[in-house]
2 protein chains.
Amino acid sequence: MTAYQSYPQFYVSVDCIIFGFAEGHLKVLIHQRPYEPGMGEQSLIGGFVQTNESVDSSAKRILKEFTGLDNVYMQQLAAYGEVERDPGERVISIVYYALINVDNYDQTFSDLHNAKWVDVDHLPTLCLDHRDMVQKARRKLGETIKNEPIGSNLLPRYFTLSLLQALYESILGTSIDKRNFRRAISEKDYIKPTGMIDKASSRRGATLYQFTMND
Amino acid sequence: MTAYQSYPQFYVSVDCIIFGFAEGHLKVLIHQRPYEPGMGEQSLIGGFVQTNESVDSSAKRILKEFTGLDNVYMQQLAAYGEVERDPGERVISIVYYALINVDNYDQTFSDLHNAKWVDVDHLPTLCLDHRDMVQKARRKLGETIKNEPIGSNLLPRYFTLSLLQALYESILGTSIDKRNFRRAISEKDYIKPTGMIDKASSRRGATLYQFTMND
DNA sequence: TCAAAAAGTGTAGCGCGCACACTTTATGTT
DNA sequence: AACATAAAGTGTGCGCGCTACACTTTTTGA
């Protein structure tokens with residue numbers, strides 16, 4: 001027997017900021033909160049930690065329930081532990097963010113969970129402290145993408161440099177000079193041109209690139 | 001009534017990596033774990049979250065219990081949530097690190113809690129996943145000190161540049177060129193020379209500096 | 001007076017981030 | 001057929017920060 005029994009216990013939830021990139025903008029998947037209090041309000045994807053799973057696995061499980069996706073890039077962001085953060089009961093939330101390729105996202109899940117993609121720059125009112133969480137996650141994502149090849153998680157397998165630049169601009173919230181951007185990318189050893197040309201997105205056609213970390 | 005009651009609850013602990021700087025090295029305060037399982041093993045300073053306090057306040061309370069100190073620089077590091085991380089019962093731990101000036105640390109607390117300072121570069125075996133926590137905290141501390149004037153929390157009010165450099169070297173785990181270091185510091189607007197000379201630490205005597213963020 | 005120990009001080013090269021504008025190529029319209 | 005449009009693609013130069021590098025000054029204790 002342990003000496004822990006004199007201590008209180010808490011509901012522990014996981015909230016996921018699921019980022020996607022669509023229509024040239026960074027988006028977040030939200031849905032309508034399915035329980036009281038605040039039922040029907042806009043909410044991040046979340047759920048409660050179960051006894052038989054680690055907090056990390058809990059995050060993965062919840063992500064899978066809401067997107068059908070496995071093997072997703074996920075990072076822990078922070079724990080939120082204010083006493084009154086949830087007006088119902090005391091809930092401590094551990095927050096993760098995930099990057100998914102929206103092309104892999106099966107839209108039937110949207111209907112199932114009343115989920116939708118919203119632009120990070122035009123967030124609707126979110127319940128509890130969820131807005132805070134999104135902004136913190138977006139900041140961290142911005143720091144990370146400068147050094148690590150995480151763009152591969154948000155983009156299709158083949159992409160033009162214009163699309164890649166739009167992704168960076170949307171994450172960082174700044175505009176980037178095209179020449180500087182292209183030079184910087186050409187110096188990365190994990191992004192390489194394929195021989196292919198994309199004719200759909202422009203008249204002239206643009207070279208398609210791909211991430212090549214695991215080649 | 002909320003719909004949460006069907007979900008499990010968990011013990012939530014706080015572990016604190018309390019950093020101090022003494023004898024030219026970055027140190028961590030540890031003590032002997034006061035409860036089973038693993039009673040008597042070396043452990044970070046920790047405790048359990050109470051119902052009436054936020055997780056942040058819990059960390060502050062625990063820090064105060066073990067050091068007597070208030071108003072300390074503290075940052076949340078991460079949540080640790082593996083199912084079997086604690087061999088006793090399921091405990092989810094939220095980890096903070098704190099920076100204190102060891103001169104302000106009342107040594108009577110050491111005796112009270114069997115606490116002692118250990119060198120971060122020569123950690124003894126720690127219980128559970130505490131070693132991991134320390135290393136993660138040290139990495140984050142290193143990133144932070146490059147840009148922010150957090151050294152003020154670890155140093156006495158007045159200090160020589162040699163001491164400051166030793167602090168940076170110990171946190172970063174590298175040696176730094178003296179001239180480069182001094183130039184970099186002189187460009188910071190939050191560290192300024194006082195007119196005073198310290199005669200204790202060297203024959204020649206060295207200018208004493210201070211942090212001046214709030215002047 | 002001499003050895004030791006720490007304080008203090010300047011320069012030059014390199015890579016990185018950033019500013020900046022025109023040409024090329026294909027298509028759709030008139 | 002030619003012309004307008006739209007996006008792709010392409011180099012140079014500057015300033016800043018990071019790094020490498022060695023000797024002089026000052027004081028004290030032996």
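Predicted model: local features only at pLDDT ≥ 70, side-chain atom pairs only at ≥ 80, totals over all residues.
1. DNA strand C is surrounded by 19 residues.

2. Which residues are closest to DNA strand C? They are Arg204(A), Ser162(B), Lys178(B), Arg182(B) and Arg204(B). Of the atoms of DNA strand C that come within 4 Å of the protein, sugar and phosphate account for 39%.

3. Next, the elements behind that surface. H5 of chain A supplies at least two residues of the surface near DNA strand C, and so do H5 and strand S9 (206–211) of chain B. H5(B) gives the most, with five residues.

4. Asn180(A) has a polar side-chain atom 2.8 Å from a base nitrogen of DNA strand C. For Arg183(A), a polar side-chain atom lies 3.4 Å from a base nitrogen of DNA strand C.

5. Now turn to DNA strand D. There are 18 residues around DNA strand D. The ones that come nearest are Ser162(A), Arg182(A), Arg203(A), Arg204(A) and Arg204(B). Sugar and phosphate make up 38% of the atoms of DNA strand D that come within 4 Å of the protein.

6. How do the residues of the surface near DNA strand D divide by type? The count is 11 charged, six polar and one nonpolar.

7. Which element gives the most to the surface near DNA strand D? That is H5(A), with five residues. Helix H5 (178–187) of chain A, strand S9 (206–211) of chain A and helix H5 (178–187) of chain B each supply at least two residues there.

8. Contacts to DNA strand D involve both phosphate and base atoms. In Arg182(A), a side-chain N or O atom is 2.5 Å from a phosphate oxygen of DNA strand D. Chain B takes part through Asp177(B), with a polar side-chain atom 3.1 Å from a base nitrogen of DNA strand D.

9. A last point on residues to check by eye. Arg204(A) and Arg204(B) are listed among the residues closest to DNA strand C, and both are also among those that come nearest to DNA strand D.

Key: Residues numbered from 1 in each chain as written. Chains lettered and ligands numbered in written order. Heavy atoms only, no water. Near = heavy atom within 4 Å. Polar contact = N/O pair within 3.5 Å; in protein donor to acceptor, adjacent residues only side chain to side chain. Helix = DSSP H or I, 4+ residues; strand = E, 2+ residues; numbered from the N terminus. Nonpolar A, V, L, I, M, F, W, Y, C, P; charged D, E, K, R; others polar.
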